[in-house]
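Hi,

Here is the structure I promised to pass on. Have a look at it first, and then read my notes below.

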Amino acid sequence: MPWTTIQVEKLDNFFIMGDSTGNRVLTYREALHEAFDQSLARDPRVFIMGEGVDDAAGIFGTTKGLKEKYGADRVFDTPISENSLTGIAAGAAMAGLRPILIHARMDFMLLSFDQLVNHASKWCYMFGGKVTVPMVVRTISARGWGSGAQHSQCIQGMLMNVPGLKIVAPATPYDAKGLMVSAIIDSSPVLFVEHRWLHKTTGHVPEELYSIPIGKGVIRREGREITIVAVSYMLVEALKAAEKLQDAGISAEVVDLRSLKPMDENIIVESVAKTGRLLIADTGCKTGSAASEIAAVAAEKAFHLLKKPIRRVCCPDTPTPTSDVLEKAYYPTAEDIFKEAVNLVIE
Amino acid sequence: MEKSKWIEMYRTMRLIRLIEQRINDEYKFDEIKTPIHLSIGQEAVAAGVCIHLRKDDYVFGTHRSHAQYIAKGGDIKKMIAELYLRKTGCAYGRGGSMHLVDPDVGILGSSAIVGGNIPLGTGTALASKILKNDRVTVVFFGDGAADEGTFHESLNFASLKKLPVVYVCENNFYAINSHQLSRQVGDNIYKWAQNYGMPGYRIDGNDVLEVSDYAEKAISRCRNGEGPTLIECLTYRWKGHIGTVDDVGDGYRPKEEYDYWVSRCPIKRFSEYLINMGVLNSELIESIDREIYSLIEEAFNFAQNSPKPSPSELLDYVYADHTG
């Protein structure tokens, strides 16, 4: 089976409970498709561009059929010129449009840092708010099936160091739709961090258009003895670990930050105040990661509340290996979170 | 072109020259605490292009963008105040000389990254196309920008989408001190246009009438939906890359080269032409200069007497404060 159609995505349809009321169930990718569809319908300033957005596959189905519905002026394929396309999106945003630029692999975004970091993210500050850049950069990380060192990176931590750039990393279908809408209506550049292993995740999603405040986290599971803060796909692993911890008699609270920048610092501090222990699970490499920043926030603001040192469960500081054996060793799972949590609570 | 426009172009060039000379003279007092890049000697490019632009057309400049800002009609008082990093500056003192902005006249901000403004201008042109209006974008950049990927990526995209954008390369032969021939294979930047499917011209950038002719054609092509054009304007900066230094004969640039280009001063050439045509005379020259000097005096007074930003403003404007 060709690489692109095989399950780089997660095989099981993990169901997110209690995310919203109603009983309309969508997958993460359907929720995103709906966010695009409704946003294109609502606002003529919105357009989508990126390599392959209008092809038959439509970015894993998330943009499928949108060109046919809204026209080739608003949903179109682009040259493989990541840097200039980012600047072109920024320029169009400066002129009043609301572009959504898609990188089907987060790795490809590395070619665009000049326009993203030097230009789009700085424009508002540099010109005293006179010119704003309301654009969305949507990036998708993959994992597994030999994606290797250049098709699997999760570099959100690196980008948290860029002033002026907002970063969201929704992990549920409800949040995917709501935060995509928020990213589109926000007048600052927003990086939308997505993970392919979330694409088949299912959950309740209302049909109407709604937004979720950027910078606001949620408690996914209440607990008393340890706080697990999870980033992006690691939420799924964290929820599985929490279930197993409960079986082992440990009550874990799972915090989903949803936005990485600005970050909901209060929710971290409040949870740690309750549990006294903090474990952070991130999809990226450990050093300089989102997990590092979360740990720093806790160290600065909740040190007096911590009973034990903070632990981070991240990928090691190596490029992603392609070998299936090494890959298995590379990626942290619910089991790793479980073990670390047990160590923190019991020992 | 009507004769009144000739005088307007002459005045614009003179305005650029005299403002920059004043900046040059004031810089030693260390009140302009920002890197400056002067365009003295290159005035004809901005003047000849911008004469054909409407107020609502867009321009994007570079680190060396005083000339384009002035020619497009940017507010002079706010520009000088920005150089003095005052709160009254066009970017409230946050941008400085390299980051000038005046959205009221289509100046959406200049970039100090070589080639960085080329995608941005291509993006505003894309917006014109999507919004189906006839606003034109002109991107000004130097020969150094043709070294960058953004130049090539953007030209390809603009041509592919037939965008209303004019790429104006001010080739002054030097990227800081590196000569074009030490950086590029060949000296024909305009020829890239051919492979990118658009008209490309190399012209005398010190002849404001020639610049104006080619710019007019390129801009009307844009308005008619015929797509982008690349114009390479050969010109020369009289000052060193940065600040007020004169680097001629210091092992950087040969004296003969400098003398040749000074002899081709765009303002001198155009004023001689206008005098021969009976459009300009010493009386008019004096009255234009008088008017400009008083405008400059007013701008520098305004700037020097304006307040500086307060430290309490440090964290403002990191993000836009509204949703839309």
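Ile59(A) is buried, because 25 C-beta neighbours lie inside 10 Å of it. The residue belongs to the loop between strand 3 (46-50) and helix 2 (66-70) of chain A. Its backbone is worth a look too: Ile59(A) has a positive phi of about 45° although it is not a glycine.

Before going on, please keep in mind that this is a predicted model. The scores are ipTM 0.96 and pTM 0.95. For chain B the average pLDDT is 96, and 100% of the residues score at least 70.

You will find Lys132(B) in the loop between helix 5 and strand 2 (137-142) of chain B. Is Lys132(B) buried or exposed? Lys132(B) counts as exposed, because it has 8 C-beta neighbours inside 10 Å.

One more backbone point, back in chain A: the peptide bond from Lys261(A) to Pro262(A) is cis, with omega near -5°. Pro262(A) sits in the loop between strand 13 (259-261) and helix 9 (265-275) of chain A.

Now the domains. Chain A is assigned domain 1 (15-204) and domain 2 (218-346). Taken over C-alpha atoms, the centres of domain 1 and domain 2 of chain A are 25 Å apart. Their contact involves 28 residues from domain 1 of chain A and 24 residues from domain 2 of chain A.

Strand 14 of chain A pairs with strand 11 (residues 226-230) of chain A in the parallel sense, over 4 bridges. There, Thr227(A) stands opposite Leu278(A) of strand 14. Strand 14 of chain A is also joined by 4 bridges to strand 15 (residues 311-315) of chain A, and these two run parallel. In this pairing Ile280(A) is opposite Arg312(A) of strand 15.

On to the packing. The largest nonpolar core has 202 residues, and those touching the most other members are Ile228(A), Ala238(A), Ala341(A), Val166(B) and Val168(B). At least three residues of this core come from each of domain 1 (15-204) and domain 2 (218-346) of chain A. Leaving aside residues up to four places away in sequence, the contacts of Ile228(A) include Ala238(A), Val254(A), Leu279(A), Ile337(A) and Ala341(A).

The two chains meet through 38 residues of chain A and 36 residues of chain B. On the chain A side, helix 3 (82-94), helix 4 (113-120) and helix 5 (123-126) each supply at least two residues. Helix 3 of chain A gives the largest share of that side, 9 residues. The chain A side divides into 18 nonpolar, 15 polar and 5 charged residues.

Thr124(B) is buried, because 30 other C-beta atoms lie within 10 Å. Among the residues that Thr124(B) touches, not counting those up to four places away in sequence, are Gly91(A), Ala92(A), Met94(A) and Ala95(A), along with Tyr58(B), Leu108(B) and Thr137(B).

Last, strand 7 (residues 229-234) of chain B. This strand is largely enclosed by the rest of the structure, because 6 of its 6 residues are buried. Thr229(B), Ile231(B) and Cys233(B) lie on one side, with Leu230(B), Glu232(B) and Leu234(B) on the other, and both faces are covered. Strand 3 (residues 165-171) of chain B runs parallel to strand 7 of chain B and is joined to it by 6 bridges; Asn171(B) has Leu234(B) as its bridge partner. Strand 6 (residues 200-204) of chain B is also parallel to strand 7 of chain B, with 5 bridges, and here Ile203(B) partners Cys233(B).

Cheers

Note on methods:
Residues are numbered from 1 along each chain as its sequence is written. Chains are lettered from A and ligands numbered from 1 in the order in which they are written. This is a predicted model: local features need pLDDT of at least 70, side-chain atom pairs count only at pLDDT 80 or more; totals for chains, interfaces and linings use all residues. pLDDT is the predictor's confidence in each residue, from 0 to 100. A nonpolar core is a set of buried Ala, Val, Leu, Ile, Met, Phe, Trp, Tyr and Cys residues joined through C-beta atoms within 7 Å. A residue is buried if 20 or more other C-beta atoms lie within 10 Å of its own, exposed if 12 or fewer, and partly exposed in between; C-beta atoms are placed from the backbone. Domain bounds come from an automatic or database domain assignment. Two residues are in contact if their C-beta atoms, placed from the backbone, lie within 7 Å. Ala, Val, Leu, Ile, Met, Phe, Trp, Tyr, Cys and Pro count as nonpolar, Asp, Glu, Lys and Arg as charged, and the others, Gly among them, as polar. Two strands pair if DSSP finds at least two bridges between them.
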